Amino acid sequence: MRSFGTTIFAEMSALATRAGAINLGQGFPDSEGPAAMLEVAVETIRSGGNQYPPGAGIPELRQAITTQRADRYGLSYDPDTEVLVTVGATEAIAATILALAEPGDEVIVFEPYYDSYAAAIALGGAVRRPVTLRPEGGRFTFDPEELRAAVGPRTRLILVNSPHNPAGTVFTRDELEAIAAVCRERDLVAVTDEVYEYLTYDGAEHIPLASLDGMRERTVSISSAGKTFSVTGWKTGWLTAPAPYVRAVQTVKQFLTYTASAPYQRAVAYALGNEAAWVEELRKSLEAKRDRLITGLDAAGFTTYRPQGTYFVQADIRPLGFTDGFELARALPEKAGVVAIPTQVFYDRAEAGRHFVRFAFCKREGVIDEAVQRLARLR
């Protein structure tokens, strides 16, 4: 793990603190989740629900997860054998890769990719095979032939993040069908990171890969409460998959965290069943904040890509005369009093993302307005 070192988020957040800068780097909201959900967690703590929950997760949460998948996507899972509660989606992804990829196996990822993917693949002794998302028609997408060419005799898994962090892409049905065809033809297991499943904009529809023909039996679907209910610090996630995959992942997980967060699990079970209206208001609010940030970034001279989902906007820095996102991100706290994330750190082929930085819009309107006023200095 020496090559991974300190994460880019820790480095940029430290820069923000030292410079007193506005942090539009790390993706966490500055508002709280549903009040009733928070109260369930408090009441569970007060009433003594603070000991180890079952390793697979409390039954109420596992049932709530299966109900959500069935009601929203028409996917049926057994709460006793096909659901596993994890310490956030990050643990679910890591434990799945450790369980299903042997040393030397290959894992396909779409770059830019969330940084924990590379670390989890390295921990498992597997090999990363990137497929690059490139701008086309105002959004980021992939070449299906490049995806097919990335599959080799040792390819075991394909890791699919949609809605996609950091590109903001929500894969279309046609794009997902192309991925599914490769999985079926080459006998691959899909691992889907769907943590932004509710946070889509402009009418974009999130379609779980597992809902496509022949994919439920070869897909591990992962999501979490952090982004959906604005409680990123709760680290309460889950996966749904056929029972043999769940058993394999739980075998690994029991020696990572075993279990966690009994009060939060109970609160999330409540929220999944009762806070759909709150989540829809959150989605609308984030869509408006996205537009607010894009308007400001465009006025400041960036070229922006309008995300269809997530918390993030990709901004091309070249119109402002900059060519290296890492250099600009390190200079921004002093130049403009704002922190962003250089997108190139999420690529194997860093050159493909060298001219992008990522800004988060999951902040209060006043914070966004102040940030874009500061960024206007760059012109």
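Here are a few questions and answers about this predicted model.

Reader: Which element joins strands E3 and E4 in the β-α-β unit?
Author: Happy to start there. Strand E3 covers residues 106-111 and strand E4 covers residues 127-132, and the two pair in the parallel sense over 6 bridges. Within that pairing, Ile108 stands opposite Arg129 in E4. The β-α-β unit they belong to is right-handed, and its helix, residues 115-123, is H5.

Reader: Which element gives the largest share of the lining of the largest pocket?
Author: This pocket has a volume of about 950 Å³. Its lining holds 41 residues, with Thr7, Phe9, Tyr114, Asp115 and Ser116 nearest the centre. Helix H1 (8-19), helix H4 (88-100) and H5 each give two or more residues to that lining. The largest share, 5 residues, comes from H5.

Reader: And which element gives the most to the lining of the second largest pocket?
Author: Here the space is about 240 Å³, and among the 16 lining residues, Gln68, Arg72, Tyr198, Leu272 and Ala276 lie nearest the centre. Two or more residues come from each of helix H3 (59-73), helix H9 (262-274) and helix H10 (276-300). With 5 residues, the most comes from H3.

Reader: How many charged residues are in the lining of the second largest pocket?
Author: Sorting that lining by class gives 7 nonpolar and 4 polar residues, and the charged ones number 5.
For the largest pocket, the classes are 19 nonpolar and 15 polar, with charged residues at 7. Back to the second largest pocket, then: the charged count is 5.

Technical notes
Residues numbered from 1 in each chain as written. Predicted model: local features only at pLDDT ≥ 70, side-chain atom pairs only at ≥ 80, totals over all residues. Heavy atoms only, no water. Pairing = 2+ DSSP bridges. Helix = DSSP H or I, 4+ residues; strand = E, 2+ residues; numbered from the N terminus. Right-handed = clockwise from strand over helix to strand, strands pointing away. 1 Å grid on protein atoms, 1.4 Å probe; cavity = no way out; pocket = protein on both sides within 12 Å on 5 of 7 lines; lining within 4 Å. Points joined across faces, edges and corners; volume = space filled by probe spheres on them. Nonpolar A, V, L, I, M, F, W, Y, C, P; charged D, E, K, R; others polar.
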